[in-house]
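This briefing covers aromatic side chains and their surroundings. Please look at the structure below, then read the points grouped by topic.

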Amino acid sequence: VLKGFPECLQADICLHLNRTLLQNCKAFKGSTKGCLRALAMKFKTTHAPPGDTLVHAGDVLTALYFISRGSIEILRGDVVVAILGKNDIFGEPINLYPRPGKSNADVRALTYCDLHKILREDILEVLDMYPEFVEHFWSNLEITFNLRDTNMIPGSPSSDDSTGGGFNKLRRRKLSFRRRTEKGHLSSLLLHLALFY
């Protein structure tokens with residue numbers, strides 16, 4: 001229905017439909033009207049009944065989710081690691097990574113939920129058009145639960161991601177060495193180890 005209206009009217013309608021989110025979320029405060037209209041056009045409203053899985057473990061994180069009503073649970077295996085509700089945000093800090101990551105948990109609706117969803121590329125596109133708003137947005141966006149799988153050793157804090165990038169690369173390299181030795185490429189391993197150290 002929305003697509004049949006002129007673009008200016010579409011933006012006004014989207015701004016009205018997403019007004020609560022845009023007014024209540026600290027990250028959107030201080031934005032120009034033009035930026036808010038552009039962001040509002042990119043949001044999609046999602047409804048989920050109880051028991052509906054919104055994100056599966058291993059899924060590529062293509063969007064940020066803002067909960068406007070209801071409760072969701074974050075599960076790793078059969079263990080509930082968090083319960084989120086109104087005004088909570090889940091996904092990943094898009095600004096810290098050049099490529100989307102994969103989810104480290106399942107996200108399931110506990111009650112009837114309404115969520116605002118914005119795709120990674122859409123948010124980056126809008127912020128690219130309004131560079132003066134970028135720093136304010138990322139510094140004020142508080143992601144309640146970071147779903148990004150950081151490949152860290154179990155038991156270490158996965159939320160402290162910003163300092164873990166180098167560690168993760170190092171760990172991945174060491175894992176690749178282990179795979180090579182299992183295949184019997186000892187000379188290749190020795191060469192890589194010599195280069196590494």
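Phe137 is buried, at a relative accessible area of 0%; buried means under 20%, exposed over 50% and partly exposed in between, with a 1.4 Å probe and protein chains only. The model is predicted, so local features need pLDDT of at least 70 and side-chain atom pairs count only at pLDDT 80 or more, while totals for chains, interfaces and linings use all residues. Residues are numbered from 1 along each chain as its sequence is written, and side-chain values use heavy atoms, leaving out hydrogens and water.

**Aromatic pairs**
- Seven aromatic pairs are found in a search of the whole structure; rings of Phe, Tyr and Trp (its six-membered ring) pair if their centres lie within 6.5 Å, and planes under 30 degrees apart count as stacked, over 60 as edge-to-face and the rest as tilted.
- Phe43 and Phe66 are edge-to-face, because their planes stand at 75° with ring centres 5.6 Å apart.
- This pair links distant parts of the chain, 23 residues apart: Phe43 lies in the loop between helix H3 (33-42) and strand E1 (44-48), and Phe66 in strand E3 (residues 63-69).
- Helices (H or I, at least four residues) and strands (E, at least two) are DSSP runs, numbered from the N terminus.
- Phe43 is buried at 6% relative accessible area, and Phe66 is buried at 2%.
- Phe137 and Trp138 also form an edge-to-face pair, with centres 4.9 Å apart and planes at 75°.
- Trp138 counts as buried at 16% relative accessibility.

**Cluster**
- One aromatic cluster is formed by Phe28, Phe43, Phe66, Phe133, Phe137 and Trp138.
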